[in-house]
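Subject: Structure handover

Hi,

Here is the structure I promised to pass on. Please open it alongside this note.

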Amino acid sequence: MRFQLFSLALTGAVCLSASTVSSPDSKLVVTTGLQSGKPIYSVTYDGKPIIMESPLGFVSNIGDFSTGLALAGESTDKVHKSFDQDRIKQSHIDYTANKLTTEYKNAKGQKMSIEWLVSDNDIAFRYLIPAEGDTRSMIIEKEATGYRFPDFTTTFLTPQSHAMIGWKRTKPSYEEPYKPDAAMTEPSMYGHGYTFPALFHVGDNGWALLTETGVDGYFCGSRLSEYTDGMYTIAYPMPEENNGNGSANPAIGLPGATPWRTITVGSTLKPIVETTIPWNVVEPLYAASETVKPGRGTWSWILWQDPSINYDDQIKYIDFAAAMGYENVLVDNWWDTNIGREGIAKLAKYAQSKGVNLLIWYSSSGWWNDIEQGPTNIMSRPIPRKAEMKWLQSLGIKGIKVDFFGGDKQETMRLYEDILSDANDYGISVIFHGCTMPRGWERMYPNYVGSEAVLASENLVFGQNFCDEAAYNATLHPFIRNAAGCMEYGGTVLNHRLNRNNDGGTTRRTTDAFELATAILFQNPVQNFALAPNNLTDAPADAIAFMKAVPTTWDETVFIDGYPGKYVVLARRHADKWYIAGVSAQDQPLKLKLNLPMLQKGDEVTLYAEDGKSPLTAKTLKIKKPEATDITLTDNNGFIIVAPAR
Ligand code: CA
């Protein structure tokens, strides 16, 4: 590690005492120090600027830690962690980072430290606040933390919505569109900045993905501000979120720390897609009461909607799950009214007789939105919540999906944590919908199995424009949302029309091969696929055979090719098989020469593809040139290569 203390003169600035901390491979360098008493930092990769001098620190109700600071000490260390992790893109992680801690004193003599962890393509940093005097609590009023990219940088961002808008006043819920390659100066759709993760193309200098991790009930979820004075700063929730309930500002007990803010940097998109930084710097918060079983599921609501939440239709979907060899059936909203508790008990028994588990839907609310879909007012408080979970456990039900949260305030983060923690006591896994994005939760909470926090498959039913843009959206997620956490999208539609009888409603634009590829490209340990019972007979036999065998957990994830908003090709390994999947949203056919280092010349592989004229088929091929495998990808189309792993 290179670590040095030096002084340099900066134009228009007072002399800066700066320290640097570099990655083990020396390419990623953070320089941090004080400029006129204000803490600042900058980031370079391969000698090229990624983040220019940007502010650090915060203002709290006990003191100002953003200005008037003096250096009080510095220390360095090395961090190495080696651990197994399920439910994410990779099953084993070796993490090596250089650590720098700078300690500052403000004008009142109060101390604050900034901790930096720099690994080969990832930076994680946070503020540490000691307990001094009699003070044991602190509210952060404003964070100075900023990100100043070079002027030529373009952005791939999704806006924060207004609070208390949308369906039954449930937003914000991380369900806004992205703008690809937008100028930084372009204002966001709502004027409230952007939610994490946020991707930046720093021209020829490289790429950067900003997000945060380690957010639990002891802090709020943060986001990026509007682009102001040439940069983005960390913003806290809007006071209107959660119907105005709960503080918008985070409160921490002292001694305490803020969550880790992370910056993933590369000269290509490979480190962005493959990053594991959200999990490298956090630890499990409790032990799992049961081994979570990731799995595939069917889900009547996605195509048959509310009228299908009845006993007979759920039997059809249980039978369908059993026919697919799937582990789960998700029973969505209104089951309390339309199936009833006795009906659910009978369904659970029937499902178990077929080797299938039920996942049961709940509203999170509560007193912060207008949701009437039942059950409501159960997950919001510990007394009914625990009684409910005890009942679920008595039926052998091992999973719930909790929907319609109310923003990113600390109060809401506490609710996510409370639900997860209680559910664990009853052997229950939890999926969140209508929610925030996960922030290291796959590692922190062993019974956490996914979050929506994306414009998900439900929108295919709600609007034709979403069907028209499905391919474009799919090419964004592996680089942005799904790079930072698991994503419960609920996709892979094989109906051509998105209604019950496959004869009305919106029209799918993508090919079957595209839909199969998204089962690989979209990562979530529990996948509730948008398949329908009729697909057993009306979809291509090879497509159904593929969907019967598709895994939902991965040992490795490798970026092969792509550009967000245009096309993407990834390889994921599950045990002894590689699944190489690609999709395109480009009008013109894309002739790709893929470098597939996991394959060898002569390997026999199965290619799932279609030419747009005849149905999808699986073909056996021999790999001739693993370093230059020809694939032509057309608009709204995709492919999968299944190959042996060694
Ligand atoms: Ca949703």
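Below are the main findings, from the whole chain down to single residues.

Some ground rules come before the findings. This is a predicted model, in which local features need pLDDT of at least 70, side-chain atom pairs count only at pLDDT 80 or more, and totals for chains, interfaces and linings use all residues. Residues are numbered from 1 along each chain as its sequence is written, and side-chain values use heavy atoms, leaving out hydrogens and water.

**Overall fold**

The chain has 16 helices and 36 strands. These are DSSP runs, numbered from the N terminus: helices are H or I with at least four residues, strands are E with at least two. Along the principal axes, the C-alpha atoms fill a box of roughly 75 × 60 × 40 Å.

Of the 646 residues, 63% count as buried. Buried means under 20% relative accessible area, exposed over 50%, and partly exposed in between (1.4 Å probe, protein chains only). Take contacts (heavy atoms within 4.5 Å). Among those between residues at least 6 apart in sequence, 70% join residues at least 24 apart.

Glutamate 175 and glutamate 458 link distant parts of the chain, 283 residues apart. Glutamate 175 is in the loop between strand S13 (154-159) and strand S14 (179-183), while glutamate 458 is in helix H10 (residues 458-462). Glutamate 175 counts as buried because its relative accessibility is 14%. Glutamate 458 is also buried, with a relative accessible area of 16%.

**Tryptophan 335**

Tryptophan 335 is in helix H5 (residues 335-338). Its relative accessible area is 0%, so tryptophan 335 is buried. Leaving aside neighbours within four places in sequence, its contacts include Ile309, Arg341, Trp361, Tyr362, Glu388 and Trp391. The C-alpha atoms of tryptophan 335 and asparagine 310 are separated by 7.1 Å, with the two residues 25 apart along the chain.

Best wishes
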